[in-house]
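Have the structure open as you read.

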Amino acid sequence: MRIVGLTGGIASGKSTVSNLFKAHDFPVVEADLVARDVLKKGKTGWKKVVSAFGDDILQPDGEVDRPKLGQIIFSNPEKRKLLNRVLAPYIWFGIFWEVLKLWMEGFKIIVVDVPLLFEAKMEKWTKPIVLVWVDSETQLQRLMLRDSTSEDDAQNRINAQMSLDLKKTKADLVIDNTGSLKDLREQFRSILVIITKPLTWTEFGFSRRGVALFLLSIVVGVLMYFQRSLYTSSL
């Protein structure tokens, strides 16, 4: 099984690439959707966050007010670290569970879409890592336009994440999204050629078929052992 790590930064265009993977029938596990599920009212993650940040972050219906929580953590590094520390175990498990279900369905290539892949130290579980990169000025302007926000607010949100230039040094494959959508699609096609290469023996060994063959070889070995033992004892 090949687990492709997809990451980027806010307003870098990662979601566009994630949708391209889906359009090409690749299963995509989205960390943001897992996090949303973890924060649903009544769940353990929700209880931990409310305990850490208080009832002020709740909407009238009891659900977490995500924009309000976002304002708190983007303006306060310590609060941001606290939130990550509280939610990390539940998000990790949620991603693992989704990958496991896809593995059981027989998928050989799974894309894991994690904005904070490096920050969460998840890079060691994915190979290759695909980064959607833009230069800092383009990122700032796109974020301001997308969210109709001020330059200071947009910059604070960008600064809350590891810089894309630093992520670029850690990634295996980089998509430069400073150009047009056509340019992005062309680079994506090149990425597909790389990630759809035949699985390595290690990757195959962790696929459902590889595990099945391994178990089958054990069963055959045991049967041959008992058959030989019965033959020997009959002599």
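## Salt bridges and their surroundings

Glu98 is partly exposed, with a relative accessibility of 30%. Keep in mind that this is a predicted model. The side chain of Glu98 forms a salt bridge with that of Lys101, at 3.2 Å from N to O. Lys101 is likewise partly exposed, its relative accessible area being 32%. Both residues sit in helix α5, and because they are 3 residues apart, about one helical turn separates them. As a reminder, an α-helix has 3.6 residues a turn, so residues three or four places apart point the same way.

Lys167 and Glu119 meet through their side chains at 3.5 Å, N to O. This pair joins helix α8 (residues 164–170), where Lys167 lies, to the loop between β3 and β4, which holds Glu119, 48 residues apart. Asp172 and Lys127 make a salt bridge at 3.0 Å, N to O. Here the loop between α8 and β5, with Asp172, is linked to the loop between β3 and β4, with Lys127, across 45 residues.

The partners in these two bridges have the following accessibilities:

| Residue | Relative accessible area | Class |
|---|---|---|
| Lys167 | 0% | buried |
| Glu119 | 27% | partly exposed |
| Asp172 | 36% | partly exposed |
| Lys127 | 52% | exposed |

How many salt bridges does the count come to? The total is 10 salt bridges. Elsewhere, a network of salt bridges links Asp37, Lys40 and Lys43.

Helix α5 (residues 77–104) also carries Phe96. Together with Phe93 and Trp97, Phe96 forms a nonpolar patch on the surface, with about 370 Å² of accessible area in total.

Now to helix α9. Its 15 residues (181–195) span 21 Å from first C-alpha to last, close to the 21 Å expected at 1.5 Å a residue. Which residues of α9 are buried? They are Leu184, Phe188, Ile191, Leu192 and Ile195. Viewed down the axis of α9, the buried residues fall within an arc of 105°, so they line one face of the helix. Lys182 and Val193, on the other side of α9, are exposed. The buried residues of α9 pack against β1 (2–7), α1 (14–23), β3 (109–113), β4 (129–133) and β5 (173–176).

A last stop is Arg157 in helix α7 (residues 151–159). Arg157 is buried, because its relative accessible area of 19% is under the 20% cut-off. Leaving aside neighbours within four places in sequence, Arg157 is in contact with Ile10, Phe74, Leu143, Arg146 and Asp147.

Conventions:
Residues are numbered from 1 along each chain as its sequence is written. This is a predicted model: local features need pLDDT of at least 70, side-chain atom pairs count only at pLDDT 80 or more; totals for chains, interfaces and linings use all residues. Side-chain values use heavy atoms; hydrogens and water are left out. Patches are made of residues with over 30% relative accessible area and no salt bridge: like charges are joined within 9 Å, nonpolar side chains (Val, Leu, Ile, Met, Phe, Trp, Tyr) within 5 Å. Accessible areas come from the Shrake-Rupley method with a 1.4 Å probe; for residues, only the protein chains shown count as cover. A salt bridge is a side-chain nitrogen of Lys or Arg within 4 Å of a carboxyl oxygen of Asp or Glu. Helices (H or I, at least four residues) and strands (E, at least two) are DSSP runs, numbered from the N terminus. The expected span of a helix is 1.5 Å times one less than its number of residues. Buried means under 20% relative accessible area, exposed over 50%, partly exposed in between (1.4 Å probe, protein chains only). The arc is that of the directions from the helix axis to the C-beta atoms. Contact means heavy atoms within 4.5 Å.
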